[in-house]
Amino acid sequence: MNRKQRRQQEKNNDKILDAARAGKDIPLPQALEMMVSSYEKGNREKAYKVACGVMKVMPDDIDVLHFAGTVALELGQFENALDHLEKAVTVKPDHAEAWNGLGHAYLALKRIEPGIEACQKAVGLLNDMPEAHYNLGNALSAAGRMEEALQSFTVALEHKPAFPEALNNMGNALQGLRRFEEAADAFRRAIKINPAFTIARFNLANALMAAGKPKQAIAAYRDSIEANPKHLPSYNNLATVYRQIGQLPESAEVYRQALKIDDTVAELHNNLGVVLQDCGVAGEAAACFKRALELAPRNAEAAFNLHAAVFDDTDLAPATEALEQALAVDPGHERAHFMLGAIEDHAGIAKDAETHFAALPRDGDGPHPAIDSWSYMKAARGPDTRWFAPASATLHYCLRHASATGAVLEFGVRYGATLRLIAADAGQPVHGFDSFQGLPEDWYSERKGSYTTFGELPDMPDTVTLHAGWFEDTLPAYTAEFDDPVRFMHVDCDLYTSTVTIFDHLATRIRPGTVIVFDEYLINPGWRDDEFKAFREAVEKHGWEYEYIAFSLFAKQAGVRITKT
């Protein structure tokens, strides 16, 4: 085709487009040719406009209806696609491809049950169409019918083995069934077919994390980021994994990298603030929460987190303001009601405090466990007892006030986040005790084995010695090798029985000046039967006297100093 012929064709195409837009009659042969050629050249918008014009002349043509519906789906115009494809299956009820597209449109519009029915119709008409089985699997997954979804994805893959999207969604269904190893295998197969499939790399990392393999998950998130350096969910989840395994500086750095890509994501600022708060960097944490609120003023959780970052028991006004902001956005925010109620009760504003406490749900006739915790804290604290919010602040204060000489110990290490903080402050060797197999028994909603690292010990500073195993096995070995009294002890083992074991083996090492921080002392539904009960029994058994030097209602902590043994 020479230049003159090409220019004439462009003019003809423009006339056809103008006629289609205006709803005028159009020359059908040329229009149909233009519709198909535009699609083949990747110009979906142009193809769809021409198809709409053709349908004005040929409203019941099954091929044009199906074509228009398919292109509308690809353009994300799901309502239009639904309209075209519903007409298509009315004109030709045995058109399997149209039923398949219709199922896709229903699913995109979150009309799950009609989507399932349409896809089942497509499969019934043409059982060897992998796309129909794939769409049916997607619809069944959306309905929570994961086992059936797996069957559909399996059939899709039987007909089309090189189908990475089906493998990816099969992995999602397996993950929904908590079959994490199989899910990871499905994602790997998808990636092998399409190495540039970023979402499959991201999903693989999620499956590895859910399977309790954080180091492999980190590598997979890194691969996802390498494949798509601007994929913010990969940065966010990578930073989350680092936080969960206690590598807080690494977590903060990943969040900062993500914010260099897009500084307008409120969630990233909030999450960075949480990590910095864990690190004890309250000022920077507060700045992050404030930035999150600038970007998303109706983010109640960022306002609640801000209250903890600015919490100061010598000036509670900034914390009060942040809590009021959280409640203005979310009037049902229970933790904000509780914290604000405690602050107002502390200030002597009993009427306002009761209003907030009344917003907490009651279970039975007894007091709410948080209110019961606050009542105990009020009665038990002395004039010098401090009140903190973040766990890092309580630990720092209590360790600084552990002035006696002796050993520094932590019970309940997991990935070592708090043990690293303690080691940084202690100025001496530190010992950490954990089975690294999780809880030895059920604890509230956490089942036996929760918090496991699957026996993998965290990387720790050179000043830290880890004692892996159950306390009843490792403590006798420790006491046989070391004879130091206890200077500071962080009890983060949650359970009554485990705490009893600690005191049974270390009671003779606890001296006047020993400081003990309990991590799950308050707030929990049965808090009086957990670490609290074990400590009170040890006090009575050994005749200790003690004083509370710190509390945190936010982190459920209590810090005590033994005054007499």
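Helices α11 (residues 180-193) and α12 (residues 198-210) pack against each other in this predicted model, at an angle of about 160° and with their axes 9 Å apart. An angle over 145° counts as roughly antiparallel, so α11 runs roughly antiparallel to α12. As for handedness, the crossing of the two helices is left-handed.

So who touches whom? On the α11 side, the contact uses Phe-180, Ala-183, Ala-184, Phe-187, Arg-188, Ala-190 and Ile-191. Facing them from α12 are Ala-200, Arg-201, Asn-203, Leu-204, Ala-207, Leu-208 and Ala-210. By residue class, that contact splits into 11 nonpolar, 1 polar and 2 charged.

Here's the helix pair at a glance:

| Helix | Residues | Some contact residues |
|---|---|---|
| α11 | 180-193 | including Phe-180, Phe-187 and Ile-191 |
| α12 | 198-210 | including Leu-204, Ala-207 and Leu-208 |

Now zoom out to the whole protein chain. It holds 27 helices and 8 strands. The radius of gyration is 31 Å, well over the 24 Å that the globule rule gives for 565 residues, so the chain is more spread out than a compact globule. The box filled by its C-alpha atoms, taken along the principal axes, is roughly 100 × 50 × 50 Å.

What about burial and contacts? Of the 565 residues, 52% count as buried. And if you take the contacts between residues at least 6 apart in sequence, 58% of them join residues at least 24 apart.

Terms used. Residues are numbered from 1 along each chain as its sequence is written. This is a predicted model: local features need pLDDT of at least 70, side-chain atom pairs count only at pLDDT 80 or more; totals for chains, interfaces and linings use all residues. Side-chain values use heavy atoms; hydrogens and water are left out. Axes are lines fitted to C-alpha atoms, for helices over the stretch in contact, and angles run from 0 to 180 degrees between N-to-C directions. Helices (H or I, at least four residues) and strands (E, at least two) are DSSP runs, numbered from the N terminus. Angles under 35 degrees count as roughly parallel, over 145 as roughly antiparallel, 65 to 115 as roughly perpendicular and the rest as oblique. A crossing is left-handed if the near helix is turned anticlockwise from the far one by less than a right angle, and right-handed if clockwise. Contact means heavy atoms within 4.5 Å. Ala, Val, Leu, Ile, Met, Phe, Trp, Tyr, Cys and Pro count as nonpolar, Asp, Glu, Lys and Arg as charged, and the others, Gly among them, as polar. The radius of gyration is taken over C-alpha atoms; the globule rule is 2.2 Å times the number of residues to the power 0.38. Buried means under 20% relative accessible area, exposed over 50%, partly exposed in between (1.4 Å probe, protein chains only).
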